[in-house]
Structure formats: C-alpha cells, structure tokens
Amino acid sequence: MDPNAVAKAFVEHYYSTFDTNRAALANLYQDGSMLTFEGEQFQGAQNIAGKLLSLSFPQCQHFISTVDCQPSGPAGGMLVFVSGGLKLPGEEHLLRFSQMFHLMPTPQGSFYVQNDIFRLNYA
C-alpha cells in the first residue's frame with residue numbers, strides 16, 4: 001500500500017463528495033471522530049455531518065494545491081495535510097484553506113477520518 005496513493009485517492013473522494021453530496025461525508029467518520037472547524041469542535045459522525053451541512057454556502061468547488069502525507073503510529077494510521085482554494089457561487093476569488101486529516105484503517109481494509117482540522121487562510 002503506497003501511502004501517497006491512498007492519501008491522493010482519499011482527498012479526491014472527500015472533496016468530490018463535499019462538492020456534490022455533502023451529506024454522504026458522514027460515512028467517512030465514526031462516533032469517536034472529531035472535527036475542528038475554524039476553532040469549533042464537533043464529535044461523532046452525525047454532529048460532524050450536521051456542521052458541514054449547516055455551512056452558509058450550500059454549494060462550493062474545491063481546488064487542491066498540495067497533498068502531503070505521513071504514516072502515523074503502529075495501527076496503520078495516516079496523516080494527510082491538504083492546502084487549496086475554495087470557490088463559492090457568485091464569488092470571483094478563491095478562499096484559501098488548509099485541512100488536516102488523521103485517517104485510521106478499518107477492519108474492512110478502507111480508512112475512516114479519526115481527526116479533521118479545517119482552517120481558512122487569511123493573508
């Protein structure tokens with residue numbers, strides 16, 4: 001298993017799902033998962049999905065600039081750090097963002113998001 005290939009596939013799936021069917025993102029989290037979104041913390045798949053569905057923009061488009069990954073711990077986890085831009089409907093300019101995912105393996109051979117930290121980059 002190539003960690004970079006797994007990270008790239010995860011990132012493509014995550015942002016494609018976010019942009020087209022945000023409610024389906026709940027399937028990527030578990031009850032113990034945590035999201036920190038602009039300093040607010042949420043725990044559990046349903047609470048995380050609720051936050052993502054409540055965002056003030058119902059549609060958006062992500063543009064990924066970088067994806068970095070590292071193996072994490074003996075359980076086969078993976079840290080994935082993403083930077084990119086977020087285009088909102090009616091807006092001319094991209095909002096820059098960074099997001100970190102801590103992926104953990106499932107018994108079925110896939111991964112779920114244990115930790116997720118999102119920040120807009122203002123500069």
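# Asking how we know: a predicted model

Me: What makes the length of helix H1 what you'd expect for a helix?
Reply: Helix H1 runs over residues 3–20, which is 18 residues, and reaches 26 Å from its first C-alpha to its last, close to the 26 Å expected at 1.5 Å a residue. Keep in mind that this is a predicted model.

Me: Which residues of H1 are buried, and why are they said to be on the same side?
Reply: The buried ones in H1 are Val 6, Ala 7, Phe 10, Val 11, Tyr 14, Tyr 15, Thr 17 and Phe 18. They cover an arc of only 160 degrees around the axis, and that puts them on the same side of H1. Over on the other side of H1, Lys 8 and Thr 20 are exposed.

Me: What do the buried residues of H1 pack against?
Reply: Quite a list: strand E1 (29–37), helix H2 (45–53), strand E3 (61–72), strand E4 (77–87), strand E5 (95–105) and strand E6 (111–120).

Me: What goes on at the start of H1?
Reply: There, a side-chain oxygen of Asp 2 comes to within 3.2 Å of the backbone nitrogen of Asn 4. The cut-off for a polar contact is 3.5 Å.

Me: How do you know whether Phe 10 is buried or exposed?
Reply: Phe 10 sits in helix H1. Its relative accessible area is 10%, and buried means under 20%, so Phe 10 is buried.

Me: Which residues does Phe 10 touch?
Reply: Not counting residues up to four places away in sequence, Phe 10 touches Leu 28, Phe 101, Leu 103 and Val 113. Take Phe 101: Phe 10 and Phe 101 are 91 residues apart in sequence, and their C-alpha atoms are 9.9 Å apart in space.

Me: Which residues of the largest nonpolar core touch the most other members?
Reply: That core has 31 residues, and Tyr 14, Tyr 29, Leu 52, Val 80 and Phe 101 touch the most other members. H1, E1, H2, E4, E5 and E6 each supply at least two residues of this core. H1 gives the most, with seven residues. As background, nonpolar side chains tend to be buried together in soluble globular proteins.

Me: What does Phe 101 touch?
Reply: Leaving out residues up to four places away in sequence, its partners include Phe 10, Tyr 14, Tyr 15, Tyr 29, Met 78 and Val 113.

Me: What about Met 78: is it buried or exposed, and how do you know?
Reply: Met 78 lies in strand E4. At 2% relative accessibility, Met 78 counts as buried, since the limit is under 20%. Setting aside residues up to four places away in sequence, Met 78 touches several others, among them Pro 3, Val 6, Ala 7, Cys 69, Phe 101 and Phe 111.

Me: Why are the buried residues of H2 said to line one face?
Reply: The buried residues of H2 are Ala 45, Ile 48, Ala 49, Lys 51 and Leu 52. Seen down the axis of H2, they fall within an arc of 160 degrees, so they line one face of the helix. These buried residues pack against H1, E1 and E2.

Me: Why is Lys 51 called buried?
Reply: Lys 51, found in helix H2, has 14% relative accessibility. Buried means under 20%, so Lys 51 counts as buried. Leaving aside neighbours within four places in sequence, Lys 51 is in contact with Leu 35, Phe 37, Glu 40 and Phe 42.

Me: What makes Ser 33 buried, and what does its side chain reach?
Reply: Ser 33 has its place in strand E1. With a relative accessible area of 0%, Ser 33 is buried. The side chain of Ser 33 reaches the backbone oxygen of Val 113 at 2.5 Å, and the polar-contact limit is 3.5 Å.

Me: Why is Glu 38 called partly exposed?
Reply: Glu 38 is in the loop between E1 and strand E2 (40–43). Its relative accessibility is 27%; buried is under 20% and exposed is over 50%, so Glu 38 counts as partly exposed. Glu 38 also has a positive phi of about 50 degrees although it is not a glycine.

Me: Which residues does the UniProt domain annotation cover?
Reply: The unreviewed UniProt entry has the annotation "domain: NTF2" over residues 6–120. In the model, that span is 21% helix and 50% strand, and its end C-alpha atoms lie 25 Å apart.

Methods. Residues numbered from 1 in each chain as written. Predicted model: local features only at pLDDT ≥ 70, side-chain atom pairs only at ≥ 80, totals over all residues. Heavy atoms only, no water. Helix = DSSP H or I, 4+ residues; strand = E, 2+ residues; numbered from the N terminus. Expected span 1.5 Å × (residues − 1). Buried < 20%, exposed > 50% of the residue type's maximum accessible area, 1.4 Å probe, protein only. Arc of directions from axis to C-beta. Contact = heavy atoms within 4.5 Å. Polar contact = N/O pair within 3.5 Å; in protein donor to acceptor, adjacent residues only side chain to side chain. Core = buried A, V, L, I, M, F, W, Y, C linked by side-chain atoms within 4.5 Å. UniProt positions renumbered as here; feature names shortened; annotations may be inferred.
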